[in-house]
Amino acid sequence: MRFEVNGERVEADPLPGQCLRTLLRETGRMEVKKGCDAGDCGACGVLLDGEPVHSCIIPAHRVAGCSVTTASGLGTPGRLSPVQQHFVDAAGFQCGFCTAGMVVTASTETVRSGEQADLPRLFKGNLCRCTGYRSIRDALAGHGTTEERGAAGGIGRAVRAPAAERIVAGSEPFTLDLTTAALTHVAVLKSPHPSARVRRIDTAAALAMEGVLAVFTYEDAPDVLYSTGRHENRLEDPDDTLVLDPVIRFAGQRVAVVVAETIGLAEAACRSVVVDYEVLPAVFDPEAARRPGAPLVHGGKDAQASRISDPLRNVVAQHHGELGDVDAALEGADVVVSGTWRTARVAHAQLETHATRGWLDAEGRLVLRTSSQVPYLVRSEICRLFALHPDHVRVVAARVGGGFGGKQELLTEDLVTMAVLRTGRPAQYEFTREDEFTIAPMRHPKRVCVTLGATSAGVLTAMDVDVLADTGAYGNHGPGVLFHGSHESLALYRAPNRRVSAEAVYTNNPPSGAFRGYGLGQVMFAVESAMDELARRVGISPFAIRRLNTIRPGDPIVVTDADEETDLQYGGYGLPEALDLTEAALAEPGEPEPAGPQWRVGSGMALGMIATMPPRGHFSEVRLVLDADGGVSLDVGTAEFGNGTTTVHAQIVAELLAIPPETVRIRSSDTDGARYDTGAFGSAGTVVAGKAVHLAALRLRDLVLALAGPGSRIGPDGVLTAAGLRPLAEFAPLEASGSADGTPRSLAFNVHGFRVAVDTGTGEVRILKSVQGVDAGTVLNPEQLRGQVEGGTAQAIGSALYEEVQVEDGQVITRTFRNYHVPQMADVPLTEVRFASTYDDLGPFGAKSMSEAPYNPVAPALANAIRDAVGVRPHELPMSRDRIWRLLRP
């Protein structure tokens, strides 16, 4: 078969049933991405004879004689097309995994000649999980928001991402965007039962198939308990997992693993494996899981060895504490507000699925190239599981196509390690989109009961909060999400009497895990809704009741233990200004109110507080080298997945050395590079790794000035010495290092406000105004930070109004994007982002972290606006049309 790709003639022999996406990648067109393989997301978008199509649903044989154009065919990094340049100018991407497909769609005459009002319809087939779409709209309008390259320094400027040109041209490599000779493929046989025991496995038929290289069962896997969740201190998560386990605890759990020459053959071999299961009783309701007589998910494990709080009650972690006398305070309160709120199971829905490719290098070392936020923590656990020395394992993360906490796990690397060590061949394991919905950990569903007591003036006297989290079949991140979710959400307020009862419970549902906000969003939904109701009861505004009751510098930052030791400090305090900014913006006009008697309009707000980095230590050690050309090379361990850390790190170095940011060459997330980094989670990229970079750049500057002599200084033109101006390159080579340990920690505050219209006839919620006041300290990159806030808001709108992974009797019903409503361009309003003028004493150049924080107050603010509009309070997420419709018809 002959066809053209980007003007080049191609000859290929597609397999029966093969789609165009995989054929293009086989011919080296790595810019064509896999996001869903169902025609839902647009990451695989190409032009077929000039028309935009999803290549994942185009049969390969149909392109015979046709012309295919990919993003790389539109332009190259050195010679971009006008559309690609617009995406660079507007920072129209974050992780960049969707961008090649976006650019292809944007290049069509239909889009270029269309009206702005038509864009949501024209881009309904292109999903972006990161940006919130505003920057994409700016790109489509030709509205640039970043600065041209070339200027020295970097702090406070809208500096472009180092990889911007490569991303829009489709040439920036993600995890699997490389060619590997003799590559084998891993497929997994998954359990159809949510609770069972494997009595017998017959793998003979699979092993007899030509091209099958290995089949693994629990008898072949390490008998070492671990957790897929990764933290600096591995003891924070329970050791309750085996690589392959004869006891099945959720539908989709691994039963057998096949390594074969092709993925199709590996999947066929999985189907030939015969398994005899003993089906066991299961429990799916976390309330029922704690009751006497409930099936025990991990009842046979040693509680102390596995660090499970109470396996005989299915409780993986619990926290109970009281400050003061809550019952007496509630008894004496003038006003008491109480309610129960529930949040849903939510998928991360990052467009790049989990994937790992592994091989043995020339020295015989195991190399794992993986889509991970935590390559150094992956290396340490792989070494532990397989008894390998760290010097014999290299883990590298290329650019990662989105994470949101979902890639703070070890989900694919272990099976690739087994395959490579057994066969000696390169191996790859890549999740499908269905895998992401059925076996990848999701956001913890929670039930949160809140009771507040207050004086008639609205002063809080008591808070009583009860939290129940469904951690699913395994406890990865269960303790951390439980404790974190029950801390800042409550420590935010100055109630003298507080009680917390919180438990994370095992069920036979799919595992939960880390998700943006790390448990705070679920609890804040309840607490902030209750605070809104309290304001109504006492007759003051929701802004006023927050000003009255929130903590301020000098107040202890505790929940139930007045003597709690903490490294949290008021490094900068922008909450009052964030409240003022949001209140003022919410009073301004927004979108016009819809016409018709069925519409009701209301406003609402909520706030959130979060620590600027994870507790109990988060470490980074970096290396900075002054090169002979006057540029610098930076080795830093944190991963880039749309969080913008590579841009900020380049800005920090550029500011201190007075060089253009683009002359900072960064190698990130490679265990062969920087000495160490805990990982890119907890918004640590700026305030931990960034502090290490800041220190290394200061030390390098000091080395230069010491060589230059007394009175010397560094400027944009070079080093001014007593003898005159000398180029910075004359001082090369020089090397400096820097480190940070993640303590002490500061606090960041976000205040969100909405004005909405609700259709009482259909339950539709239409957002007329969205604004967030942000206490981010020094804004290192205004365009990038604005994008982080917008992206967090868009993701939170999704979980507030649309998104829910439905599970019935342990079986996941929601398995595709088309049945799971990731917000499209049409769903996401413009969010006004207003920054407080603050400076944080603990962050680099006074900055705070701001990747997770914007997500947390959005759902309660939206719920409070709906309550204001219709007079009835939502208590369950998502607040979908059908739920709002039923809410109005008790």
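**Exercise 1. Aromatic pairs**

How many aromatic pairs does the count come to? Classify the pair Tyr-429 and Phe-431, then the pair Tyr-570 and Tyr-573.

Solution. 
- The model is predicted. The count comes to 9 aromatic pairs.
- The cut-off for edge-to-face is over 60 degrees.
- Check burial. Both Tyr-429 and Phe-431 are buried.
- Turn to Tyr-570 and Tyr-573. Their ring centres lie 6.1 Å apart and their planes stand at 75 degrees, so this pair is edge-to-face.
- Tyr-573 has a relative accessible area of 23%, so Tyr-573 is partly exposed.
- Finish with a cluster. Phe-437, Phe-817 and Tyr-820 are linked by ring pairs.

**Exercise 2. The setting of Cys-128**

Where is Cys-128 placed, and is Cys-128 buried or exposed? Find its contacts beyond the neighbours within four places in sequence.

Solution. 
- Locate the residue. Cys-128 is in the loop between α6 (119-122) and α7 (134-140).
- Read the accessibility. The relative value for Cys-128 is 7%. Buried means under 20%, so Cys-128 counts as buried.
- List the contacts. With neighbours within four places set aside, Cys-128 is in contact with Cys-98, Met-102, Tyr-133 and Ile-136.
- Ala-43 is 85 residues from Cys-128 along the chain, and their C-alpha atoms are separated by 9.1 Å.

**Exercise 3. Packing of α3 and α4**

Describe how helix α3 (residues 82-89) packs with helix α4 (residues 99-106).

Solution. 
- Start with the geometry. Two packed helices are described by the angle between their axes and the distance between the axes.
- For α3 and α4, the angle is about 130 degrees and the axes are 9 Å apart. That makes α3 oblique to α4.
- The crossing of α3 and α4 is right-handed.
- Name the residues. α3 brings Val-83, Gln-84 and Phe-87 to the contact; α4 brings Thr-99, Met-102, Val-103 and Ala-106.
- Sort them by class. The contact of α3 with α4 holds 5 nonpolar, 2 polar and no charged residues.

**Exercise 4. Helix α15 and its partner α14**

How many residues of helix α15 (residues 413-423) are buried? Then describe the packing of α14 and α15.

Solution. 
- Count burial. In α15, 8 of the 11 residues are buried, so the helix is largely enclosed by the rest of the structure.
- Name them. The buried residues are Glu-413, Asp-414, Leu-415, Val-416, Thr-417, Met-418, Ala-419 and Val-420.
- Look past the helix end. Gly-424 follows α15 and has a positive phi, near 75 degrees.
- Bring in the partner. Helix α14 (residues 375-386) packs with α15 at about 50 degrees, with axes 11 Å apart. α14 is thus oblique to α15. Their crossing is right-handed.
- Assign the contact. Val-378, Ile-382 and Phe-386 come from α14; Glu-413, Asp-414, Thr-417 and Met-418 come from α15.
- Sort by class. The contact of α14 with α15 has 4 nonpolar, 1 polar and 2 charged residues.

**Exercise 5. Packing of α19 and α25**

What classes of residue make up the contact of α19 with α25?

Solution. 
- Helix α19 (residues 520-538) and helix α25 (residues 858-870) pack at about 35 degrees, with axes 8 Å apart. The crossing is right-handed.
- Collect the residues. Among them are Glu-528, Asp-532, Glu-533 and Arg-536 of α19, and Arg-867 and Asp-868 of α25.
- Read the classes. The contact of α19 with α25 has 5 nonpolar, 2 polar and 6 charged residues.

**Exercise 6. Backbone exceptions**

Which peptide bonds to Pro-744 and Pro-878 are cis or trans? What is phi of Asp-49 and of Asn-314?

Solution. 
- Recall the background. Most residues other than glycine have a negative phi, and most peptide bonds are trans.
- Check omega. The bond from Thr-743 to Pro-744 is cis, with omega near -5 degrees. Pro-744 is in the loop between β31 (734-740) and β32 (747-759).
- Leu-877 and Pro-878 are joined by a cis bond, with omega about -5 degrees. Pro-878 lies in the loop between α25 and α26 (881-887).
- Check phi. Asp-49 has a positive phi, near 50 degrees. Asp-49 is in the loop between β3 (45-48) and β4 (51-54).
- Asn-314 also has a positive phi, near 65 degrees. Asn-314 is in the loop between α12 (303-306) and β12 (315-323). With 0% relative accessibility, Asn-314 counts as buried.

Terms used. Residues numbered from 1 in each chain as written. Predicted model: local features only at pLDDT ≥ 70, side-chain atom pairs only at ≥ 80, totals over all residues. Heavy atoms only, no water. Phe/Tyr/Trp six-rings, centres within 6.5 Å; stacked < 30°, edge-to-face > 60°. Buried < 20%, exposed > 50% of the residue type's maximum accessible area, 1.4 Å probe, protein only. Helix = DSSP H or I, 4+ residues; strand = E, 2+ residues; numbered from the N terminus. Contact = heavy atoms within 4.5 Å. Axes fitted to C-alpha atoms, helices over the stretch in contact; angles between N-to-C directions. Parallel < 35°, antiparallel > 145°, perpendicular 65-115°, else oblique. Left-handed = near helix turned anticlockwise from the far one by under 90°. Nonpolar A, V, L, I, M, F, W, Y, C, P; charged D, E, K, R; others polar.
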